[in-house]
Amino acid sequence: MEPFNAGWLSIIPPIVAIALALMTKEVLSSLVIGIMTGTLIYTIGTDGNVLMGTIESTFTTMGNKVDFNILIFCSLLGALVYVVAMSGGSKAYGNWAENKIAGRKSALGATSGLGLLIFIDDYFNCLTVGTVMRPICDRFKVSRAKLAYIIDATAAPVCIIAPVSSWAAAVGASLQGSHLFESDMAAFVATIPWNFYALLSLLMVAFLVITGYDFGPMREAEERALRGEESPYEAQQNHGAEPPKANPRGTVWDMVIPILGLIVFAVLSLLYSGGYWGADPAYHTFGGAMGNSSASSALVWASFGAVGVAFLLYVPRGLVPFTDFMSGLVEGMKLMLPANIILVLAWTLSGVCRDLLQTPLFVQSIVTSGGAEWSVLLPCIIFLLAAFLSFSTGTAWGTFGILIPIVVPVVEAIDPGLTLVALSATLAGSVFGDHCSPISDTTILASAGSGCNHIEHVSTQAPYALLVAGCAALGYLVAGLSNANLLLSFGTALVAMLGSVTVLHFIRRRDSKAQ
């Protein structure tokens, strides 16, 4: 299908989908209506048949945008989680962790630390951290919403500042047009100190874990969890299959070994897909192979290998009989079906905006409409535009892939001294949408990995993400005004964030006492 430049109409579909999801608290129908809105705009704009053209465009785009590797990975990981629970490994690990972890703060700290350690890929991060830490957080009455937020905030924000990750490869590919650095990797590393949104998100998590200063809907979710009350979102949703019966003979190693196998297989698979053992010597280094790797394919291989490890660990010992093991795989895949459906619809909506309605061209026109008088505002404006585009389309990779070729020549022409800051602002704004957009795949996977209702996850983390984004924008404004003074810019953003969280926490606490 030929693209159609819809101008400002190209942002209507994600606005419709997000607004409906937040109002109705039902994401599937909201995404479908958003998609149909976009394909209707496309059909009318291209003089097609309003009825059949809309339907045809919808399902053609859906077929083109589905990444079956990610769907298979999610399904296999759901299957792995289920059979691990059947073996009794999850229960044994929970019992062990209850003795080792002193309380809620320790559980949240362990979750954050694990999120920081798994920096290779955000998909892998979301589902693995959720799988390991969900039973522990449940024991210490940590809300699923808080768990989902920590998982999400230590996924994309970690990957975008990790030189050895699938994200570093994507950013490097987008930076190939820039001749400011000796290599793409050098350019990526140089942007890390200026990636205010990612850095502030990680510091925000650390601050919340240490102080417990929650506010807004997240505080309400935490208070409900402490009282042992069910979330209203959980009360409305279908809880799906019953949890499996755990074998009392299961040990901690019955959970740890398959998860370690998943991690080891993921690293080896990424190296293999990147050509580490191939014929081209350019990829015979760890960094070179990781930069050339295919994350989605590698994660499928890794999850399949982890399921194989679980089979060899459980079936011969009689922990899980063969027929029960195979049935458990199917039941685990069923549990991932809602997340897989949301992923398919989110990819379709992103494709409608990017490929059919040309949302990137609309954003490009905004970026290039300014002049030299805007130079001190450029980093802040670029951050806000990247955040808007990534939030609307739910993709960070697509956003910085679109904007970097536009931003670099524009900034070099207006104020070359701000080029590095502008590049970093583009990456930071892109991560914002990937972190918190309701149609972002990592947001969806964080909900699935934590077992949190998707709309609850979106609504509870939104105030946190918006606060961090506002403080990051302030930092980029100071960067433009101070001629790229890193200490002053980041310091201003950090103080603003910590101060805002503290004020919001104690205002809410005082209001609660007054009532």
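This is a predicted model: local features need pLDDT of at least 70, side-chain atom pairs count only at pLDDT 80 or more; totals for chains, interfaces and linings use all residues.
The secondary structure of the protein consists of 26 helices and 0 strands. Of its 515 residues, 55% are classed as buried.

Two helix pairs illustrate the packing. Helix α8 and helix α25, the latter spanning residues 454-481, pack at an angle of about 65°, and their axes are 9 Å apart. The crossing of these two helices, α8 and α25, is right-handed. On the α8 side the contact is formed by A145, A148, Y149 and D152, and on the α25 side by E456, H457, T460, Q461 and Y464. By residue class, this contact of α8 with α25 comprises 4 nonpolar, 3 polar and 2 charged residues.

The second pair is formed by helix α23 (residues 419-436) and helix α24 (residues 441-450), whose axes come within 5 Å and cross at roughly 35°. Here D434, H435 and C436 of α23 meet D441, T442 and T443 of α24. The residues of the contact of α23 with α24 divide into 1 nonpolar, 3 polar and 2 charged.

A total of 8 salt bridges is present in the structure. One of the salt bridges joins the side chains of K146 and E222, with an N to O distance of 3.8 Å. Because K146 belongs to helix α8 (residues 144-153) and E222 to helix α13 (residues 216-227), this pair ties together parts that are 76 residues apart in sequence. Both K146 and E222 are buried. The pair also takes part in a network of salt bridges in which R104, K146, D214 and E222 are linked. Helix α8 thus contributes K146 to a salt bridge with E222 and, through A145, A148, Y149 and D152, residues to the contact with α25.

A salt bridge between D254 and R317 has its closest N and O atoms 2.6 Å apart. D254 is located in helix α15 (residues 253-273), while R317 is in the loop between α17 (295-314) and α18 (322-335), so the pair ties together parts that are 63 residues apart in sequence. D254 is buried, at 2% relative accessibility, whereas R317 is partly exposed, with a relative accessible area of 39%.

With regard to cysteines, a disulfide is a covalent bond between the sulfur atoms of two cysteines. With sulfur atoms required to lie within 2.5 Å, the count comes to 0 disulfides. Two of the cysteines may be described by their accessibility. C137 has a relative accessibility of 1% and counts as buried. C452 is likewise buried, at 7% relative accessibility. Since burial requires a relative accessible area under 20%, the values of 1% for C137 and 7% for C452 place both residues in that class.

Most residues other than glycine have a negative phi. Against this background, D47 has a phi near 60°, a positive value in a residue other than glycine. D47 is situated in the loop between α2 (27-45) and α3 (50-65). At 72% relative accessibility, D47 is exposed. For N483, phi is likewise near 60°, again a positive value in a residue other than glycine. N483 lies in the loop between α25 and α26 (486-514); helix α25 is also the partner of α8 in the packing described above. With a relative accessible area of 58%, N483 is exposed.

Definitions and conventions: Residues are numbered from 1 along each chain as its sequence is written. Side-chain values use heavy atoms; hydrogens and water are left out. Buried means under 20% relative accessible area, exposed over 50%, partly exposed in between (1.4 Å probe, protein chains only). A salt bridge is a side-chain nitrogen of Lys or Arg within 4 Å of a carboxyl oxygen of Asp or Glu. Helices (H or I, at least four residues) and strands (E, at least two) are DSSP runs, numbered from the N terminus. Axes are lines fitted to C-alpha atoms, for helices over the stretch in contact, and angles run from 0 to 180 degrees between N-to-C directions. A crossing is left-handed if the near helix is turned anticlockwise from the far one by less than a right angle, and right-handed if clockwise. Contact means heavy atoms within 4.5 Å. Ala, Val, Leu, Ile, Met, Phe, Trp, Tyr, Cys and Pro count as nonpolar, Asp, Glu, Lys and Arg as charged, and the others, Gly among them, as polar.
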